[in-house]
Amino acid sequence: MTPRLRDFLWEKRIVPKPWRTKGLDRIKSLHFPDDLEVEPYTRHVFRPGDGAMLLSSSRHMTYQHAQLAGSRIGAFCSIARGVEEMGDTHPMDRVTSHSLGYGSYYHQMALELGAEEYRPWSAYNARAPHVKIGNDVWIGAQAMLKGGITIGDGAVIGARSVVTKDVPPYAVVVGQPARILRHRFAPEICARLLATRWWDYSLGDLARFSFDDPLAFCEAFEAASPGLSPRDVAPITVAMLQEMA
């Protein structure tokens, strides 16, 4: 972490949660994946110390208390502490779900134990795709998310839920495994909110609207939308961060 990189992050408001300049001042180094893309005005879990991590790509005004490594998170999302993606998958249609059937480690161990060949091995991709998280999503504390699922815009995930299937827009899901408890609004309101795509606009433009009443918001936003333009999406990339280092 160089002074130039620290100033750049502060200028773009890519900051710790809660945001404060001294949070960046305490970070000695910053690590990030090669495919990172993060928009300005996002808040992250920057743990002070020798190896702070910026692992998940996120869009405008999203904040996180957890690190979902490699994930793509939409705008205006709220991610609570302890939220995690589930780990590697295992085959359940073979004799064993153990990784002896596809891991090179066990092949070597078998040879050390006297085997002359290793027939259990068969190709298997244990890594699940990352979760795709839409916009205006709230994920409660310690929720577990299965790799490869999609969480729709406006959805809410209850604390400690175990989510193994796609979540529709504006659904509220809870439980282990998670099930749809209800939707946040009536279908026609959900459809109108989705059509506005309000999360594609800057907070500076959205500041003129009241968010208390969804129907009133839709009416006001629809009336004003001809004079509004979605914000310019200019994500910060790894190349830009490396240039500042």
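This short talk describes the aromatic pairs, the nonpolar cores and some backbone features of a predicted model.

Good morning. I shall begin with the aromatic rings. A pair of aromatic rings is described by the distance of the centres and the angle of the planes. How many aromatic pairs does the structure hold? There are 11 of them. In one, the ring centres of Phe 76 and Trp 198 are 5.0 Å apart and the planes meet at 55°, so this pair is tilted. Phe 76 belongs to the loop between β8 and β9, while Trp 198 belongs to the loop between α4 and α5, so the pair ties together parts that lie 122 residues apart in sequence. Are these two residues buried or exposed? Phe 76 has a relative accessible area of 15% and is buried; Trp 198, at 7%, is buried as well.

Another tilted pair is formed by Tyr 170 and Phe 185, with 5.7 Å from centre to centre and 55° between the planes. Tyr 170 is in the loop between β16 and β17, and Phe 185 is in the loop between β18 and α4, 15 residues apart. Tyr 170 is buried, with a relative accessible area of 1%, whereas Phe 185 counts as partly exposed at 26%.

Ring pairs also build a cluster, whose members are Phe 76, Trp 198, Trp 199, Tyr 201, Phe 209, Phe 211, Phe 217 and Phe 221.

The charged end of Arg 13 sits over the ring of Trp 10, 4.3 Å from its centre. Likewise, the charged end of Arg 43 sits over the ring of Tyr 63, at 5.0 Å from the centre.

I turn now to the nonpolar cores. The largest contains 20 residues, and Ile 133, Ile 139 and Leu 145 are among those with the most contacts inside it. Leaving aside residues up to four places away in sequence, Ile 133 touches several residues, including Leu 68, Ile 73, Cys 77 and Ile 151. A second, separate core has 16 residues, among them Tyr 170, Trp 198, Trp 199 and Leu 228.

Finally, the backbone. Most residues other than glycine have a negative phi, and most peptide bonds are trans. Which peptide bond is cis? The bond from Gln 176 to Pro 177 is cis, with omega near 0°, and Pro 177 lies in the loop between β17 and β18. Met 61 is not a glycine, yet its phi is positive, near 65°. Met 61 is found in the loop between β6 and β7 and counts as partly exposed at 24% relative accessibility. Tyr 170, also not a glycine, has a positive phi of about 65°.

Thank you for your attention.

Methods. Residues are numbered from 1 along each chain as its sequence is written. This is a predicted model: local features need pLDDT of at least 70, side-chain atom pairs count only at pLDDT 80 or more; totals for chains, interfaces and linings use all residues. Side-chain values use heavy atoms; hydrogens and water are left out. Rings of Phe, Tyr and Trp (its six-membered ring) pair if their centres lie within 6.5 Å; planes under 30 degrees apart count as stacked, over 60 as edge-to-face and the rest as tilted. Helices (H or I, at least four residues) and strands (E, at least two) are DSSP runs, numbered from the N terminus. Buried means under 20% relative accessible area, exposed over 50%, partly exposed in between (1.4 Å probe, protein chains only). A charge sits over a ring if NZ of Lys or CZ of Arg is within 6 Å of the ring centre and within 35 degrees of the ring normal. A nonpolar core is a set of buried Ala, Val, Leu, Ile, Met, Phe, Trp, Tyr and Cys residues joined through side-chain atoms within 4.5 Å. Contact means heavy atoms within 4.5 Å.
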